[in-house]
Amino acid sequence: MVRDYHEFLGEVLVSEEDLQARVAELGREISRDFEGKELLLVCILRGGVLFLTDLMRHISVPHAIEFMAVSSYGTGARESTGQARITLDVNTDIRDRHVILVEDIVDSGHTLASVLELLSMRKPASLAVCTLLDKAERREVEVPILYRGFEIPNKFVFGYGLDIDEFYRNLPFIGVVDLQKYDGNAE
Ligand code: 5GP
Ligand code: MG
Ligand code: MG
């Protein structure tokens, strides 16, 4: 049974109001930076989906959207370690296009590093990263982040696209999981 999130919500880290305000700001910033150009927003499934759909409503320059999926070869389900594998690729030629990668969160950086390496080989006109959350202190590989919603502490978070075992992505805020309460009551 999927439990009510109140049972393990440690705290609300970013409220719905703060999220929406920041996402609108990022959209305006991107629109200014790419004025007169066309964009391709590439969303990394599945966590980036809510962020993408809100963000694009605040981007006034013409843009198309594409999706990629990445799975990491890792140990724990809550950490990605080492190389990531692309399981779904974009469905279009990105050569000479202005590409922005839209991610939910950058943690170790391995996921984005792999995606950036692959996409840059295809010679886009530009390639930038827009992430809603940045867990900077966890970084293992450096990734250039041009647009960042919030820097957050090293805590496992959920909501607004981010899952716990695939659920709770629908919540309109970012919450911190109290892992003791979550794991302690599991199954
Ligand atoms: P990285 O490759 O940067 O270590 O990990 C990035 C991916 O790990 C994110 O796109 C996200 O799917 C997952 N991830 C990292 N930290 C968290 C977190 O606090 N909560 C959730 N739900 N997913 C996370
Ligand atoms: Mg992600
Ligand atoms: Mg996940």
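The legends below describe several views of a predicted model of a single protein chain.

**View 1. Overall fold of the protein chain.** The secondary structure of the protein chain comes to four helices and nine strands, which follow one another along the sequence in the pattern β-α-β-α-β-β-β-α-β-β-β-β-α. The radius of gyration is 16 Å, close to the 16 Å that the globule rule gives for 187 residues, so the chain is as compact as a globular protein of that length. Taken along the principal axes, the C-alpha atoms fill a box of roughly 50 × 35 × 30 Å. Of the 187 residues, 30% count as buried, and among contacts between residues at least 6 apart in sequence, 66% join residues at least 24 apart.

**View 2. The largest nonpolar core.** This core has 39 residues, and those with the most contacts inside it are Leu 41, Val 42, Phe 51, Ile 100, Leu 101, Val 102 and Cys 130. At least two residues of the core are supplied by each of helix 1, strand 2, helix 2, strand 5, helix 3 (110-120), strand 6, strand 8 (157-158) and strand 9 (174-177).

**View 3. Surroundings of Ile 100.** When its neighbours within four places in sequence are left aside, Ile 100 is in contact with Ile 30, Leu 39, Leu 41, Ala 128 and Cys 130. Two of these partners, Leu 41 and Cys 130, are listed together with Ile 100 among the residues with the most contacts inside the largest nonpolar core.

**View 4. Helix 2 and what covers it.** Helix 2 spans residues 49-56, and its buried residues are Leu 50, Phe 51, Leu 52 and Leu 55. The elements that cover these buried residues include helix 1 (16-33), strand 2 (39-45), strand 3 (63-72), strand 5 (98-106) and strand 6 (126-134).

**View 5. The cis peptide bond between Leu 45 and Arg 46.** Leu 45 and Arg 46 are joined by a cis peptide bond, for which omega is about -5 degrees. Arg 46 is found in the loop between strand 2 and helix 2.

**View 6. Asp 96, with a positive phi.** Although Asp 96 is not a glycine, its phi is positive, at about 65 degrees. Asp 96 has its place in the loop between strand 4 (84-88) and strand 5, and it counts as exposed because it has 10 C-beta neighbours inside 10 Å.

**View 7. Tyr 168, with a positive phi.** Tyr 168, a residue other than glycine, has a positive phi near 75 degrees. Tyr 168 is found in the loop between strand 8 and strand 9, and it is buried, because 20 other C-beta atoms lie within 10 Å.

Methods
Residues are numbered from 1 along each chain as its sequence is written. Chains are lettered from A and ligands numbered from 1 in the order in which they are written. This is a predicted model: local features need pLDDT of at least 70, side-chain atom pairs count only at pLDDT 80 or more; totals for chains, interfaces and linings use all residues. A residue is buried if 20 or more other C-beta atoms lie within 10 Å of its own, exposed if 12 or fewer, and partly exposed in between; C-beta atoms are placed from the backbone. Two residues are in contact if their C-beta atoms, placed from the backbone, lie within 7 Å. A nonpolar core is a set of buried Ala, Val, Leu, Ile, Met, Phe, Trp, Tyr and Cys residues joined through C-beta atoms within 7 Å. The radius of gyration is taken over C-alpha atoms; the globule rule is 2.2 Å times the number of residues to the power 0.38.
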